Amino acid sequence: MDSTATDRFDTSRFEASRNRLASLAYRLLGSAADAEDAVQDAFLHWQAADRQRIKVPEAWLTKVVTNLCLDRLRSAQARRERSAGAWLPEPLLDGDPMLGPADTFEQRESVSLAVLTLMERLSPVERAVYVLREAFSYSHAEIAEILDITESTSQQHLHRARRRITAARRRGGEVDPASARRIVEEFLSAATSGRTERLVALLTDDATAISDGAGLSRTLLRFDTPERVAAVARAGFRPTSAKRRFAGGTPALHYAVVNGAPALLAVVGDQVVGTVTFDLTDGKIATVRGIATPARLVRITDAWRQHEADTPLILEW
C-alpha cells in the first residue's frame with residue numbers, strides 16, 4: 001500500500017471513531033465547541049504518530065482525547081471561567097451524535113445537563129474516571145491505563161465521584177415523553193398567562209431556576225424557591241419589544257428534547273436564540289435552566305436547521 005493509500009486508510013480509521021471521541025470529549029468538557037477542538041487536536045496527534053506501532057487505535061485515541069480534555073480542564077482559563085459561576089453546559093438537541101452512547105439509563109443520565117453541571121464538583125481525574133466507567137463501560141484496568149493510575153486509585157476516584165453526584169442530584173427516574181411534554185406545555189401556558197398559583201403548583205418544594213443571563217451577567221442568575229421561580233418565569237415569558245430587539249425578531253417557541261430532558265426553544269427564523277430545559281421529579285419541575293448566550297447555541301442551531309420541526313407551541317411570542 002503506497003503512502004497516499006495508507007493515509008486514506010488511517011484517516012478512515014480515525015473517522016470511524018470520531019463520533020465516539022466527540023461524545024467522550026463533550027461529557028468531559030460540557031462544551032461541544034471545546035469537544036470538537038479536542039477531537040481535532042487528537043487527529044493531529046494521530047497523523048503525527050507512528051501508526052504502524054499502534055496496536056489498538058480505539059484505545060490509543062481514547063487515551064489521547066481523554067488527556068487532551070484533562071489538560072483543558074486543568075488550564076488556568078478553564079478554572080477561571082468555571083469557578084466564576086458563569087458556566088453552564090452547552091445544550092444539544094435530541095439526536096445529536098455527540099450525545100451517544102445512550103443505550104442505558106446511566107449513559108443517558110451522564111449526558112444530562114444536571115449531571116454535566118454536577119460533574120463540575122469533581123476533580124478532572126474524578127470526572128474522567130466517572131465518564132469512562134459510567135458512560136463508556138471501561139474496566140478499571142482500562143481506565144488505569146488511559147489515565148496512568150492504578151486500578152485501586154481508579155476505583156477510589158469512581159467511589160468519590162458517585163458519592164458526590166448522588167448526594168447532590170435529584171433523582172426522579174426517566175419520565176414518560178408524553179407526560180414530560182404535557183408538564184412543559186402547562187408551564188408555558190401558566191407563565192405566559194401570568195398564573196402564578198398554577199406555576200407554583202407545577203414546581204417541587206425545592207425548585208430552582210438557573211439562567212446564564214444571555215451572557216450579559218458575569219455570574220449565573222439563581223432563584224431558589226417555587227415563588228421566586230414562578231415570578232422569574234412569569235417575567236421572563238412576558239414578551240416585550242426590548243426582548244424581541246435583543247433576540248433579533250419575534251421568536252417562535254417550540255417544544256424539544258435537549259440532553260434527554262424536555263425543553264423549550266426560542267427560534268427566530270432558523271436561529272435558536274434561547275433554550276429552557278426542565279428537570280422533572282415525580283411529575284413536577286425541579287430545575288429550570290435558561291441558556292441564551294449565543295456562543296453556546298451554535299451547535300444546537302446547526303442541528304435545528306437539519307431538524308424537521310413540529311408546529312410551534314407559540315408561533316409569535
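Two strands count as paired if DSSP finds at least two bridges between them. The legends below describe a predicted model.

**View A. Strand 3 and strand 4 form a hairpin.** Two residues lie between the strands. Asn-259 has a positive phi near 50 degrees. Strand 3 covers residues 252-258 and pairs with strand 4 in the antiparallel sense, over seven bridges. Leu-253 sits opposite Ala-266 of strand 4.

**View B. Strand 4 and strand 5 form a hairpin.** Here, too, two residues separate the strands. Gly-269, in the turn, has a positive phi of about 65 degrees. Strand 5 spans residues 271-281 and runs antiparallel to strand 4, joined to it by six bridges. Leu-264 faces Val-276 of strand 5.

**View C. Strand 4 is mostly covered.** The strand comprises residues 261-268, and eight of its eight residues are buried. Ala-261, Ala-263, Leu-265 and Val-267 point one way. Pro-262, Leu-264, Ala-266 and Val-268 point the other way. Both sets are buried.

**View D. The largest nonpolar core has 48 residues.** Phe-14, Tyr-26, Met-119, Tyr-130 and Leu-147 have the most contacts inside this core. Helices that each supply at least two of its residues include helix 2 (32-48), helix 3 (57-74) and helix 9 (151-168). Helix 1 gives the most, with eight residues. Apart from this core lies another, of 27 residues, among them Val-184, Leu-202, Leu-264 and Phe-278.

**View E. Met-119 and its contacts.** Not counting residues up to four places away in sequence, Met-119 touches Arg-27, Ser-110, Arg-127, Tyr-130, Val-131 and Ile-165.

Terms used: Residues are numbered from 1 along each chain as its sequence is written. This is a predicted model: local features need pLDDT of at least 70, side-chain atom pairs count only at pLDDT 80 or more; totals for chains, interfaces and linings use all residues. Side-chain values use heavy atoms; hydrogens and water are left out. Buried means under 20% relative accessible area, exposed over 50%, partly exposed in between (1.4 Å probe, protein chains only). Helices (H or I, at least four residues) and strands (E, at least two) are DSSP runs, numbered from the N terminus. A nonpolar core is a set of buried Ala, Val, Leu, Ile, Met, Phe, Trp, Tyr and Cys residues joined through side-chain atoms within 4.5 Å. Contact means heavy atoms within 4.5 Å.
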